[in-house]
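Subject: The structure I promised you

Hello,

Here is the structure we talked about, ready for you to open. My notes follow below it, grouped by topic.

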Amino acid sequence: MKKVVFIADSAMDLPKELIEKHEIQVLPFHISFGNDTYRDGIDMTTEMLYQKVEELGILPKTAAIAPAEWKQVFDPIIEAGNDVFCLTIGSKISSNFQNAYVASLDYEEGRVEVVDSGVLSGAIAILMLKAVKFRDQGMSAKEIKNAVEKLVPKLHTQFVIPTLDYLYKGGRCSSLSKLIGSVLKIKPQIKMLEGKLGLYKKSAGKMSRAIDGMLDDFFEIYENGKLDPEFVFITHSIAPKYAIYIREIVEERVKVEHLIESYAGSVISTHCGAGTIGILYLEK
């Protein structure tokens, strides 16, 4: 059986040590401030992103990976006699899936399998870690794709955002909503619903109150016996204090095999802002 090489885009937000351990290739999104373009995670880090936003007073534009760029990565893998399993950010958020799929059509059926994760950030990472297990079990690229696609509807992807500023600057909330949010100190909870980011709940006051509300959903899944306890991600954009807060609460109440802290890259952070934090998990 051919070796299966794993590829993902940089929205995956899997910790670097796990990317290296499992030999996953990561292709970067493009981030532009005016005429200057950077590669997510290579030329541009989350810290650099926030520094530039502060200096310039604008948010960057993000661009998907073109079909030709995907093909440049696929070609040498196929020429070496290996197959590809490729996992992308949700197709309703970015054109990465479509672009990778178009590139995959240049190869024989089954050689390059592309999966639309339907999600972003640490939720993609959960799918990738599950895929690693399937690869270790001897599955082919096509078999891994079929197994992973069955998990996609079972993912839960939720974040609490401390400020509406980035959503507003990015055109994702009205000026009136921003004004009301600023006055009332609203902390919106964003959730992936049918492949799109949507406003799920709003909490007034401290971040801890909003985080507690987000965790209520997680604990309900757990208490009903529906949680897959293998991988749970705490993903944040420069919010270590809140990550510790969530970890302590989760570890006190739930037995999780791998509770992983991951950091939102510059593409995800462009749309949420510093202090954003989420919990991402899978139902059985």
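Cys86 is buried, with a relative accessible area of 0%, in what is, please keep in mind, a predicted model. Cys272 counts as buried too, because its relative accessibility is 7% and the cut-off for buried is under 20%. How many disulfides does a search of the whole structure find? The search returns zero. A disulfide is a covalent bond between the sulfur atoms of two cysteines.

Cys272 also turns up in the surroundings of Ser237, so let me go there next. Ser237 sits in the loop between strand 11 and helix 10 (240–253). This serine is buried, at a relative accessible area of 1%. If you set aside neighbours within four places in sequence, the contacts of Ser237 are Thr46, Tyr50, Ala264, Ser269, Cys272, Gly273, Ala274, Gly275 and Thr276.

Strand 11 itself (residues 227–236) contains Leu227. Leu227 counts as buried, with 4% relative accessibility. Again leaving out neighbours within four places in sequence, Leu227 is in contact with Phe218, Ile221, Tyr222, Val254, Tyr281, Leu282 and Lys284. Between the C-alpha atoms of Leu227 and Arg135 there are 23 Å, and the two residues are 92 apart along the chain.

On to the nonpolar cores. The largest one has 50 residues, and the members that touch the most others are Phe6, Met12, Leu14, Phe85 and Phe233. Which helix gives the most to this core? That is helix 5 (residues 122–136), with ten residues. As for Leu14, its contacts beyond four places in sequence are Ile19, Ile24, Ala125, Leu129 and Phe233. There is also a second, separate core of 21 residues, and Val232, Ile246, Ile277 and Ile279 are among them.

Two arginines are worth a look while you have the rings on screen. Arg135 lies over the face of Phe6, 4.1 Å from the ring centre. Arg253 does likewise with Phe219, at 3.8 Å from the ring centre.

Then the aromatic pairs. Searching the whole structure gives six of them. One of the pairs joins Phe74 and Tyr107 edge-to-face, with 6.2 Å from centre to centre and 75° between the planes. This pair links distant parts of the chain: Phe74 belongs to helix 3, Tyr107 to the loop between helix 4 and strand 7, and they are 33 residues apart. Are these two residues buried or exposed? Both Phe74 and Tyr107 are buried. Ring pairs also bring in Trp70, giving a cluster of Trp70, Phe74 and Tyr107.

Helix 6 (residues 141–149) can be read alongside that. Here the buried residues are Ala141, Ile144, Lys145, Ala147 and Val148. They pack against strand 1, strand 6, strand 7 and helix 5.

Last, some backbone angles. Most residues other than glycine have a negative phi, and most peptide bonds are trans. Asp13 has a positive phi, near 60°, although this residue is not a glycine. Asp13 lies in the loop between strand 1 and helix 1 (16–21), and its 8% relative accessibility means that it counts as buried. Glu23 also has a positive phi, near 55°. The place of Glu23 is the loop between helix 1 and strand 2 (24–27). Is Glu23 buried or exposed? With a relative accessible area of 53%, Glu23 is exposed, because the cut-off for exposed is over 50%.

Happy browsing, and do write back with any questions.

Best wishes

Conventions: Residues are numbered from 1 along each chain as its sequence is written. This is a predicted model: local features need pLDDT of at least 70, side-chain atom pairs count only at pLDDT 80 or more; totals for chains, interfaces and linings use all residues. Side-chain values use heavy atoms; hydrogens and water are left out. A nonpolar core is a set of buried Ala, Val, Leu, Ile, Met, Phe, Trp, Tyr and Cys residues joined through side-chain atoms within 4.5 Å. Buried means under 20% relative accessible area, exposed over 50%, partly exposed in between (1.4 Å probe, protein chains only). Helices (H or I, at least four residues) and strands (E, at least two) are DSSP runs, numbered from the N terminus. Contact means heavy atoms within 4.5 Å. A disulfide is a pair of cysteine sulfur atoms within 2.5 Å. Rings of Phe, Tyr and Trp (its six-membered ring) pair if their centres lie within 6.5 Å; planes under 30 degrees apart count as stacked, over 60 as edge-to-face and the rest as tilted. A charge sits over a ring if NZ of Lys or CZ of Arg is within 6 Å of the ring centre and within 35 degrees of the ring normal.
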